[in-house]
Amino acid sequence: MKTLLFTILYGCTTLFAQLFINEIDYDQSGTDHDEFIEIAGPAGTYSNVTIELINGNSNSVYETVPISNLTLTNQADGYGFYAEYISGIQNGAPDGVQLKVGGVIVDAVSYEG
C-alpha cells in the first residue's frame, strides 16, 4: 500500500513539476540585442534543457540553445525564473519557440511580430 501511495504521489509531483515559457522578448529596436526567453517553473535544478527557435514559414529550427544545468531559486511561492538572452530572435508570422527537457517538448509557443 505504501509503495502504491508513493508511486501515485511521485507521479503527480512529476506531472505538475514542469518548466514553462513565461515570456518572449523579441524585436528590439536596432540590432536585436537584449532579446530573451524567460523560463519559469518550480524551484529546483533541471538538466538537459534546450530552447529551440522555430521559423514558422519553413517549420524548421533555426537556432538551438542548450542549457546543461538550469537552477531556479525560490523567488515567489516555490517558483523561480530564468532568462536566456539570445540575439536575433526572428519575429515573422508565425515563428515559435519550444522548450525541451531531456529531449521531450514540455512547452511551445507560437508568436507573431
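# Aspartate 95 and the strands around it

Trainee: In which strand is the place of aspartate 95?

Mentor: Bear in mind that this is a predicted model, in which local features need pLDDT of at least 70, side-chain atom pairs count only at pLDDT 80 or more, and totals for chains, interfaces and linings use all residues. Residues are numbered from 1 along each chain as its sequence is written, and side-chain values use heavy atoms, with hydrogens and water left out. Helices (H or I, at least four residues) and strands (E, at least two) are DSSP runs numbered from the N terminus. Aspartate 95 belongs to the strand of residues 95–101, S6.

Trainee: Which pattern do the helix and strands follow along the sequence?

Mentor: The protein has one helix and seven strands. Read along the sequence, the pattern is α-β-β-β-β-β-β-β.

Trainee: What percentage of the 113 residues count as buried?

Mentor: Buried means under 20% relative accessible area, exposed means over 50%, and partly exposed lies in between (1.4 Å probe, protein chains only). Of the 113 residues in the protein, the buried share is 32%.

Trainee: How far from aspartate 95 is the nearest side chain of opposite charge?

Mentor: Lys and Arg count as positive and Asp and Glu as negative, with His and the chain ends not counted. A salt bridge needs a side-chain nitrogen of Lys or Arg within 4 Å of a carboxyl oxygen of Asp or Glu. Aspartate 95 is buried but has no such bridge. The nearest side chain of opposite charge belongs to lysine 100, at a distance of 17 Å.

Trainee: Which residue's backbone nitrogen does the side chain of aspartate 95 reach?

Mentor: Counting heavy atoms within 4.5 Å as a contact, and leaving aside neighbours within four places in sequence, aspartate 95 touches Ile54, Asn55, Gly56, Gln90, Val109, Ser110 and Tyr111. The backbone nitrogen that its side chain reaches, at 2.9 Å, is that of glycine 56.

Trainee: What is omega for the cis peptide bond between alanine 93 and proline 94?

Mentor: Proline 94 sits in the loop between strand S5 (79–85) and S6. The bond that joins alanine 93 to proline 94 is cis, with omega at about -15°.

Trainee: In the hairpin of S3 and S4, which residue takes a positive phi near 55°?

Mentor: The hairpin has four residues between its strands. The residue in question lies in the loop between S3 and strand S4 (60–72), and it is exposed, with a relative accessible area of 65%. Although not a glycine, the residue with this positive phi is asparagine 59.

Trainee: What is the phi of asparagine 48 near?

Mentor: Asparagine 48 lies in strand S3 (residues 44–55) and is partly exposed, with a relative accessible area of 44%. Its phi is positive in a residue other than glycine, near 60°.

Trainee: What distance separates the C-alpha atoms of aspartate 27 and isoleucine 89?

Mentor: Aspartate 27 is in the loop between strand S1 (20–25) and strand S2 (36–42). Aspartate 27 and isoleucine 89 are 62 residues apart along the chain, yet their C-alpha atoms are separated by 7.1 Å.

Technical notes:
Polar contact = N/O pair within 3.5 Å; in protein donor to acceptor, adjacent residues only side chain to side chain. Pairing = 2+ DSSP bridges.
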